[in-house]
Amino acid sequence: MPAIDYVSIIRSVYSDRRALLAAAFGTAFAAGLSAYKTDSLPLWIIAVAFVLVGLLRYATARAFLRAAIDSDDADAAEHWEHRAVFNGAIAGVVYGAWCFISMVFVRDPFVELTAATLTTAAMVGLVARNFGLDRLVTIQMALVMLPLSAGYALHGDFYHIILALLLGIMLTSFRKLAADTRSILLSAVHGRVEASRLATELDMALTTLEHGLCMLDERGVISIANERAVRLFTLLGVNELVGMQFSGVLGTLGANGHLPRTSVDRLLDMVAQGNSGKVLLCLAAGTYYEVTVSTRLERSVLLFEDISDRIASEERINFMARHDTLTGLPNRTYFTELATEDMDARRFANAPERLVSLLLIDIDDFKHVNDTFGHIVGDELLMKVSKRLRQALPPEAVLARLGGDEFVIYRGAVGDVNHAEADAAAVLKAFTNPFLLDGLTLTATISVGLATSTIAKESLDDLMTKADLALYSAKGEGKARSQVFHAQMDIDYHYRQRLKADLREAVRLGALTLAFQPLLDINSRKVETCEALARWNHPELGMIPPSTFIPLAEEMGLISDITAWVIDRAAAQCSQWPGDVGVAVNISARDFRAIDLCRLVDLALKNSNLDPSRFEIEVTETAVIEEREIAHRVLTSLAAKGVAIALDDFGTGYSSLSYLNALPFTKLKIDRSFVSEIATDSRALRLLTNVARLGRDLDLTVIAEGVETEAQLNAMLEHTQVQQVQGYFFSRPLTERDIGELISRLNAGQVVPHAKRRHG
């Protein structure tokens, strides 16, 4: 038997001690009355015995109550069961003795009737009180019924014997009655325990439930509401919830504006029709509740879940997906949505057609800011730029950051092109004052590309393309300015796109050629080195200038492929030239990362069997600065192999003397801008003289580029320490076939008159 059942039964045995004592005293009185009537000493003893047994059982019951055993303490319950059986057995002996003495020895009808009647009544009470313990019932029944039956049987007549047998049957029926009563009690106990458990669990569930809960009966009245639901409706001004009509509560909240009317109507309709589903309630101060309705058997359960944090998270995620994390401006995707939506709305609206404008903005030389001051300063500049742009624009303008240092502005309705240009001018004016960045005073300018169009004609992509072309033109014309798109830009754009496609194909097929421009010793006029220059003869457009296709190759990422080809081809051609004439190849900043220059030079020298001293690398200051660490490692490695390193276009970059000392340069090529005015400007001549002296003091071979007249050459000979010269005065870049002939002629000592050299 489960401990909880066992303890419950033991408690029932000791449940009514006062009734037990009263029954004992009543029985003792009846026994005493019988003793008095018959003047029987044994009956007086029986009467006293009833009193003593009653007191004993009362005292035991009180002791049990004081013990207060736990509901699952089976060991303690067993102890008290033994005491109950012992006390019951004594009571049974007394009752049995009373009946036996009355019927066998006294033989008084009143005494017999009293003993039999009260004993039978006591047995009924025994079954009612001690039904839970079969052992106690059986022992007491046996101790009572056997003496009683024996007393009847000893009368000797047939009827008393039959009565004695019937008493035995009654004993069996009393045991069965006790068992049935015990079963009923245990079922009741189990039901009570289960109900208590379910009630406890339900109460715990309602209490610990994170959501508010309301249960409606079949009349729509709130029958159950947990604490969270009560708290929610209290905040809405409803103090009483349980027992209220749910439709009345929501109707009031909807009428006074505490809940959205549409949500209230939908929720009430769902409950009224017995449907299940979810409804979103928006409360004040950005609080959101999701109400889940479940209906079954005409009863509805409503769960109120606070989803404010989830809504806020979704809004944050949506904002982050649509906005730039640094500036908080719309990003490219969201800008496209906003601008396209506005254009579509205006396109299908019955309104006069107006212009829309698009301004594409790029911060000039922003990479230099990052490289010089770091990305933290660069990010701060971007944030301040976004604020200035916003302040310079009308509220209806859509401002977005496309990425990097590029911004875009869309206006859905401008009066004409002049208004759009006024917007561009306002944006440019906003950048006249410098920026204060983390203690730095930094001047930043922007370039603006402007495109306008009627909505019916073009899409947003078309406008973006035009504005991009206008921006490209603004940067090409000197930056810090705005440029309006015009038709020629589109023509130039498509021309560039065709050149890009054709250039990629030309590089793939090896359709480029080399030209060589000689560098001559200024005194002997002999060719020392030839600079290798890539040339592209387009099959339809003719010769494409290097100033056109080299930037395209840089933009397309093809420049390193061209460099690799030039290195191999130039070394092969140089190996066929007479004497020790070398060849020079120009290297871009991208080449340091995109290709393995050391391996390519080694391979070219090996394939052509060319001595490393005849091979030369020309690199600009800009390339060295952009790829400082890699450039130092690569140039040092090449110099160690015997390859000459020339600093090209000296004077056009930063002209930092630290690079001349830190890198293994052997030659210094002075840019043509230092040479052009030396024949007529004494200041320009002094500047060239000092630059050349600087190179000689550093033990570098000094070369002057752009020599085009005899006067320039004579000025150099007389006033400077320039050692080698290069320019049209001696030769234009020549084809692979012609350069060998020129080297042979000049290095053989055949001096050509200056007039002929100029046109050679």
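Colleague: Of the contacts in the chain with a separation of 6 or more, what percentage comes from residues 24 or more positions apart?

Modeller: Contact here means heavy atoms within 4.5 Å. Residues 24 or more positions apart make up 63% of the contacts in the chain with a separation of 6 or more. Note that this is a predicted model, where local features need pLDDT of at least 70 and side-chain atom pairs count only at pLDDT 80 or more, while totals for chains, interfaces and linings use all residues. Residues are numbered from 1 along each chain as its sequence is written, and side-chain values use heavy atoms, with hydrogens and water left out.

Colleague: How many helices and strands are there in the chain?

Modeller: Both are DSSP runs, numbered from the N terminus: helices are H or I with at least four residues, strands are E with at least two. The chain has 28 helices and 22 strands.

Colleague: What radius of gyration does the chain have?

Modeller: The radius is taken over C-alpha atoms, and the globule rule is 2.2 Å times the number of residues to the power 0.38. The chain has 56 Å, whereas a compact globule of 760 residues would have a value near 27 Å. Along its principal axes, the C-alpha trace spans about 180 × 70 × 50 Å.

Colleague: How much of the chain counts as buried?

Modeller: Buried means under 20% relative accessible area, exposed means over 50%, and partly exposed is in between (1.4 Å probe, protein chains only). By that rule, 45% of the 760 residues are buried. Helix α1 (residues 3-13) is mostly covered, with eight of its eleven residues buried. Among them are Tyr-6, Val-7, Ile-9 and Ile-10.

Colleague: Is Ser-386 buried or exposed?

Modeller: Ser-386 is buried, at a relative accessible area of 5%. Its place is in helix α14 (residues 375-392). Leaving aside neighbours within four places in sequence, Ser-386 is in contact with Thr-327, Leu-329, Leu-399 and Phe-407.

Colleague: How many salt bridges does the structure hold?

Modeller: In general, side chains of opposite charge can pair when their charged atoms come close. The cut-off for a salt bridge is a side-chain nitrogen of Lys or Arg within 4 Å of a carboxyl oxygen of Asp or Glu. The structure holds 28 of them. One is between Glu-337 and Arg-322, with the closest N and O atoms 3.0 Å apart. Glu-337 is in helix α12 (residues 332-348) and Arg-322 in helix α11 (residues 308-322), and the two are 15 residues apart. Glu-337 is partly exposed at 36% relative accessible area, and Arg-322 is partly exposed at 26%.

Colleague: Which residue forms a salt bridge with Arg-411?

Modeller: The partner is Asp-423, the closest N and O atoms being 2.9 Å apart. This pair links strand β8 (residues 406-414), which holds Arg-411, to helix α15 (residues 417-429), which holds Asp-423. Arg-411 counts as buried at 13% relative accessibility, and Asp-423 counts as buried at 10%.

Colleague: Where does Lys-641 lie?

Modeller: Its side chain meets that of Asp-602 in a salt bridge (3.3 Å, N to O). Lys-641 lies in the loop between α23 (628-640) and β18 (644-650) and Asp-602 in helix α21 (residues 597-608), so the pair ties together parts 39 residues apart in sequence. Lys-641 is partly exposed at 36% relative accessibility, and Asp-602 is partly exposed at 33%. Elsewhere, salt bridges that share partners join Glu-531, Glu-618, Lys-669 and Glu-705 into one network.
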